Amino acid sequence: YWVRALKHCPRLAPSHRTTHVLCNQDNVDEFQSWTRDPLKSSGFDARNLINNGVSSSMPRTGIARDVLFAIENALGCDNHLMIIDGDYLPEPDFNLNRIVEHSIVRGKDTLTYVTLAPEMGADVRDHVVIDLERSPGGRPPANPRVLNVHPYPQSAGAREPTAMGPVLFLRRTSLPLVRQFFAEVEPGLPSDVPYHHLMGHLVAFMHSKVEFYALEVKYVFSIKSLDAFLYADAMFEFHAQEKDRLANKYKAGDTDSTLGTSQADIRKQMIQKQFDKEAERFGDVRNKAISGEIDLDVLLPKFNERYASSLHVKLAGERDSSVPERFADASSFRHKPVTQHACYVTSNNRYGVKQAGQQEMPMRWHGVKGDFTSGFRGAMYHNTGFVSSATTSKVHRNLDDF
């Protein structure tokens with residue numbers, strides 16, 4: 001999704017050279033395999049994979065430390081940097097180029113934001129809440145200035161708070177602030193600050209030094225958990241199907257192929273040319289009609305209704321199709337590899353040392369509930385099977401079967 005979105009940003013061309021993916025020691029092999037498939041990776045250059053060297057047996061780093069690692073070991077501070085959190089996806093057909101152009105033309109650091117509506121059920125303690133410049137009517141303008149940054153607050157100050165989105169654009173003059181944060185601010189943070197919260201504190205520190213502006217992302221979909229991924233995958237598929245259906249619905253008729261040289265056909269040709277001029281002047285009405293019907297404000301309620309109706313109702317005693325907790329989150333999977341001598345490492349151990357990732361967990365579960373052996377059933381087990389083996393003699397083989 002993101003690699004294809006970057007291809008539509010002319011200032012980043014060629015995107016396969018200017019885009020970098022930061023991975024770790026556990027999943028670098030999967031990313032290298034991904035780059036070898038041009039259809040999946042869209043021609044991404046394997047040399048632009050940045051391995052931070054962290055494995056499952058080591059403490060996790062989080063996005064903020066990954067940014068520092070990339071700056072110090074691969075990217076430097078000579079170019080602008082756009083940071084994308086791959087755990088989230090904006091709406092289909094998201095215009096990433098709008099963020100790039102706005103940041104470069106305006107010459108300001110830019111972050112994306114999403115409005116946390118009450119019906120979303122989002123917890124502000126899981127988000128970086130930002131205060132935005134607002135118009136007299138109370139709504140943010142098209143590109144508001146960021147007034148304050150509140151990393152993971154305990155409560156929302158507004159009914160519909162705004163939270164930082166998955167895209168952050170930093171100008172090259174601001175990149176030294178990343179090093180300054182980890183040298184001066186990060187050591188003074190409380191020891192109980194989770195690794196994934198450092199990014200919010202980094203943005204808050206940078207905002208205290210430079211101005212930030214914001215651009216809205218109307219819808220953002222998480223793919224961090226299995227349930228969230230399945231929901232987003234189904235929604236994107238539904239959006240694509242509706243787009244194809246509407247394209248066929250509003251498909252223009254091929255009038256030129258049936259026109260001859262009669263007076264009526266000549267008039268039809270003149271009318272067709274007039275329509276083409278009007279479409280060129282005012283825009284293609286068909287495309288506007290399709291865009292209006294696949295807008296997520298219209299499409300998402302319809303999809304949510306269908307998605308909810310497609311879920312199977314769980315009944316007591318029937319097969320449980322939900323994924324058990326140990327498979328739903330691969331990070332909670334108990335992993336205790338056996339340490340072997342370096343001279344006698346087996347291939348089985350090399351395989352077992354690697355912790356399973358979420359992509360290796362089962363996406364569906366069809367296990368039967370284990371209620372059968374939960375109680376005593378009245379008698380011990382007794383084998384009543386028919387014995388068909390031959391009786392052998394311990395004295396001589398001629399005495400078998402006696």
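**The big picture**

Of the 402 residues in this protein, 31% are buried. Keep in mind that you're looking at a predicted model. The fold is built with 14 helices and 10 strands. If you take the contacts between residues at least 6 apart in sequence, 75% of them join residues at least 24 apart.

- Is S103 buried or exposed? With a relative accessible area of 0%, S103 is under the 20% cut-off, so it counts as buried.
- The side chain of S103 reaches back to the backbone oxygen of I99, at 2.7 Å.
- Setting aside neighbours within four places in sequence, S103 touches K108, T110, F169 and R171.
- S103 and A214 are 111 residues apart along the chain, yet their C-alpha atoms are separated by 9.5 Å.
- H102 is in helix α6 too, and its relative accessibility of 13% is why H102 counts as buried.
- Which side chain does H102 pair with in a polar contact? That's N143, and the contact is 3.1 Å.
- Beyond four places in sequence, the contacts of H102 are G107, T110, N143, Y213 and L215.
- T110 turns up in both contact lists, for S103 and for H102.

**Helix α5 against helix α7**

- Helix α5 (residues 62-75) packs on helix α7 (residues 176-185), with the axes 10 Å apart and an angle of about 120°.
- The crossing of α5 and α7 is left-handed.
- Who meets whom here? On the α5 side you'll find A64, R65, V67, L68, I71 and E72, and these meet V178, R179 and F182 in α7.
- Sorted by class, that contact has 6 nonpolar and 3 charged residues, with no polar ones.

**Helix α9 against helix α12**

- Another pairing brings together helix α9 (residues 226-249) and helix α12 (residues 296-310), again at about 120° and with axes 10 Å apart.
- That angle makes α9 oblique to α12.
- Which hand does the crossing of α9 and α12 have? It is right-handed.
- From α9, the residues taking part are D227, L230, Y231, A234, M235, F238, H239 and E242.
- Their partners in α12 are L296, L299, L300, K302, F303, N304, R306 and Y307.
- The residues of this α9 and α12 contact split into 10 nonpolar, 2 polar and 4 charged.

- How many of the 10 residues in helix α8 (residues 198-207) are buried? The count is 8, so the helix is mostly covered, being made up largely of residues under the 20% cut-off.
- The buried ones in α8 are L198, M199, G200, L202, V203, F205, M206 and H207.

- As a rule, most residues other than glycine have a negative phi, and most peptide bonds are trans.
- Where is there a cis peptide bond? Look between A13 and P14, where omega is about -10°.
- P14 belongs to the loop between α1 (2-6) and α2 (15-18).
- D93 isn't a glycine, but it has a positive phi of about 60°.
- You'll find D93 in the loop between β4 (88-90) and α6.
- D93 has 52% relative accessibility, over the 50% cut-off, so D93 counts as exposed.
- Y152 isn't a glycine either, and its phi is positive at about 50°.
- The loop that holds Y152 runs between β7 (146-151) and β8 (162-170).
- Y152 counts as buried because its relative accessible area is 13%.

Notes
Residues are numbered from 1 along each chain as its sequence is written. This is a predicted model: local features need pLDDT of at least 70, side-chain atom pairs count only at pLDDT 80 or more; totals for chains, interfaces and linings use all residues. Side-chain values use heavy atoms; hydrogens and water are left out. Buried means under 20% relative accessible area, exposed over 50%, partly exposed in between (1.4 Å probe, protein chains only). Contact means heavy atoms within 4.5 Å. A polar contact is a pair of N or O atoms within 3.5 Å; within protein, one must be able to donate a hydrogen and the other to accept it, and residues adjacent in sequence count only if both atoms are side-chain atoms. Axes are lines fitted to C-alpha atoms, for helices over the stretch in contact, and angles run from 0 to 180 degrees between N-to-C directions. Helices (H or I, at least four residues) and strands (E, at least two) are DSSP runs, numbered from the N terminus. A crossing is left-handed if the near helix is turned anticlockwise from the far one by less than a right angle, and right-handed if clockwise. Ala, Val, Leu, Ile, Met, Phe, Trp, Tyr, Cys and Pro count as nonpolar, Asp, Glu, Lys and Arg as charged, and the others, Gly among them, as polar. Angles under 35 degrees count as roughly parallel, over 145 as roughly antiparallel, 65 to 115 as roughly perpendicular and the rest as oblique.
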